[in-house]
Amino acid sequence: MLRLMWMFADKMRCLRKRSTLPLLGFLVAFLLLFNLYVDMDGYVLQDTEKRQLGEALMHPASTERYIHTFRDLSNFSGTINVTYRYLAGVPLSRKKYLTIGLSSVKRKRGNYLLETLKSIFDQSSYDELTEILVVVHLADFDPLWCENLLQEISRKFSHHIIAGRLLVIQAPEEYYPSLDGLKRNYNDPEDRVRFRSKQNVDYAFLLNFCTNLSDFYMMLEDDVRCSRNFLTALKKVIASREGSYWVMLEFSKLGYIGKLYHTRDLQRLAHFLLMFYQEMPCDWLLIHFRGLLAQKDVIRFKPSLFQHMGYYSSYKGVENKLKDDDFEEDAVDIPDNPPARLYTNIPVFESYDASKAYSAVDEYFWGKPPSTGDFFVVVFNKSAKISRIKITTGSEDRQSDILHHGAVEVGQRRVEGKQDGQCASFITLGEFKGGRVEVQDVNRKIGFDVDCVRVVVTASQKEWLIIRTISLWTAQPGGPLIK
C-alpha cells in the first residue's frame, strides 16, 4: 500500500506548475479514487458510492462535492501498515481520555524534548495524569542520537513509563518514501523541502500509531511549555462544544502546537499527510484537511494553553523566537459554560449572532440599539449548579457599545415549547456597571439549580450593543484536583 503511494508521489514530481492549488485539487480527486478502489480493510465500494465518486471527479471545481465525498470515506480511515519499534513502554489496554503526540528529531543547536515532557507531567495533577498518555516518536535516522536520548528519557521519566503514561516509539526508516528529488514548491531550497516533507511523514506515522489509544488527540511540538492543569481547561472547552461539529480545536496560534482532534479522524489525517507530504508544510496541509471535512473557520481558544519555548529551530538550527502572546501560565479560570441554547430579541447585526457571546473563541454578539425590556437569555440543556457569572460588553475598538443599563438574572423551570426559551420565574442577582457584571457564590445565594441566565436591558440606549463574553462557572464536587 505504502509502496504504491510513494510510486504515485514520485511520478507527481514530474509535474511542474507554478500554482499548487490545481495540483492539490487533482491529488484530492486521485486520493478519493485510490482509497475507495484499493481494498485495505476488506471494504467493498458500492455502486451508489462509485457514482458519487465519479460525479466528484467529473466536477473538479466543485469544492462541496470534494468535501462531501472526502468526509464520508469509510476506507480512508484504514490502518497504515507500519511495524513500529517500541523503545520504551507499552500501550495499556484501557483507553485514555487524551493522547499527546510529539515527534522529535536531532537539532543542530539545543534540545527541548526533556523540558517539554517535564512540563507536561509537572503541570498536571495526579488525577489528570490518569487520563493522559504521552507518545514520543523519535523520528531521526541517527541511531546513536536516538539511543542517547532514549536513555535520558528512561532515566528521568521511568515512573511515568512504568505507570503507562509515556511511550517512546520509532517508525523504521525503510517505511519512509524517497526524500531526494522532491518538488521545490514556493522556491524553497532543496534541504528545506526535504525537511518539511520528512516532517509530514513523521507526523503521519505518529498519528497512525495513536489512532485507538484515547478519545481525543493533541499534537504538540517538542519545544513547548504547558499551562498549569491544561487538561482541566481543555475538558471544559470540549464539554462546552457538546452537540456542535468540529474537526480541529486550536489551543495555540503557533505552528503545529496545541491542535486537538477526535481520534476517529486520525487515520484520515495520516493518509492525507502521506499523500501530500512533499506539497507544503504540515500546518498548511492542516488547513486543507479541516476544510475538506467541512470545518470552514478556525476554532481557536484563549488563553492559549501551550507556549513555544525553543530558541533554535529543528531546521538547520536557525533562530526561532516566536512566542504566543495569548499564552497564560495559569489558565484554570476558564469558564465551564454548560451546553445551552441562546435567544435574544435584540436585532442582530450581520453574522454576529447570539451564540458568539457564549463561545471561548475570540468573537462576540453585536446587536442594534436595545430598548427597555429587551433580553438576551442562555437556556441550559440541563439544569446546572452555577457558582459564578461574569458578563462583559463592549470591545477595545468599540468601547461605547456597552450595556449602559441592565441586570443579570437567573431562572428556573424552563417553559417547554416557548420559542424564546424563557423560564417560569427569575430573580435578579446584579446590575451592570461600566458595561460588565460579575456575581460570585451564586449557588449559595439562590438555593436552586439554574435553568436560565438572562441579561435584561433596563433603559433604552442609542449605542449599539456588543456582548463580548458570557462566562459561567459550575459547582462540581469531586472534580479534578487543582495543585
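## Helices α5 and α7

In this predicted model, helix α5 (residues 113-122) and helix α7 (residues 143-156) pack at an angle of about 25°, with their axes 11 Å apart; axes here are lines fitted to C-alpha atoms, for helices over the stretch in contact, and angles run from 0 to 180 degrees between N-to-C directions. That angle makes α5 roughly parallel to α7, a term used for angles under 35 degrees, while those over 145 count as roughly antiparallel, 65 to 115 as roughly perpendicular and the rest as oblique. The crossing of α5 with α7 is right-handed, which is to say that the near helix is turned clockwise from the far one by less than a right angle, anticlockwise being left-handed. L113, L114 and L117 of α5 meet L149, E152, I153 and K156 of α7, where contact stands for heavy atoms within 4.5 Å. By class, this contact holds five nonpolar, no polar and two charged residues; Ala, Val, Leu, Ile, Met, Phe, Trp, Tyr, Cys and Pro count as nonpolar, Asp, Glu, Lys and Arg as charged, and the others, Gly among them, as polar.

Helix α5 is largely enclosed by the rest of the structure, because seven of its 10 residues are buried, namely L113, L114, T116, L117, S119, I120 and F121. Buried means under 20% relative accessible area, exposed over 50%, and partly exposed in between, with a 1.4 Å probe and protein chains only.

## How the model is read

Residues are numbered from 1 along each chain as its sequence is written, and side-chain values use heavy atoms, with hydrogens and water left out. Because the model is predicted, local features need pLDDT of at least 70 and side-chain atom pairs count only at pLDDT 80 or more, whereas totals for chains, interfaces and linings use all residues. Helices (H or I, at least four residues) and strands (E, at least two) are DSSP runs, numbered from the N terminus.

## Helices α11 and α12

The axes of helix α11 (residues 266-275) and helix α12 (residues 282-292) come within 11 Å and cross at roughly 130°, and the two helices are therefore oblique to each other. Their crossing is right-handed, and the contact is formed by R268, L269, F272 and L273 of α11 together with L285, L286, H288, F289 and L292 of α12. The residues of this contact comprise seven nonpolar, one polar and one charged.

## Strands and their pairing

An open sheet is built from four strands in the order β11-β18-β13-β16, with antiparallel pairing; two strands pair if DSSP finds at least two bridges between them. Its edge strands, β11 (365-367) and β16 (436-439), each pair on one side only. Strand β13 (residues 386-393) is joined to β16 by four bridges in the antiparallel sense, and I391 stands opposite V437 of β16.

Strand β12 (residues 375-384) is mostly covered, with seven of its 10 residues buried. It runs antiparallel to β10, to which five bridges join it, and L342 stands opposite V378 in β12. Strand β12 also pairs with β17 (residues 450-457) in the antiparallel sense over six bridges, and V450 in β17 is the bridge partner of A384.

## Two loop residues with positive phi

A294, although not a glycine, has a positive phi of about 70°, and it lies in the loop between α12 and β9 (306-308). At 31% relative accessibility, A294 counts as partly exposed.

N337, in the loop between β9 and β10 (340-344), likewise has a positive phi, near 40°, in a residue other than glycine. At 6% relative accessibility, N337 counts as buried.
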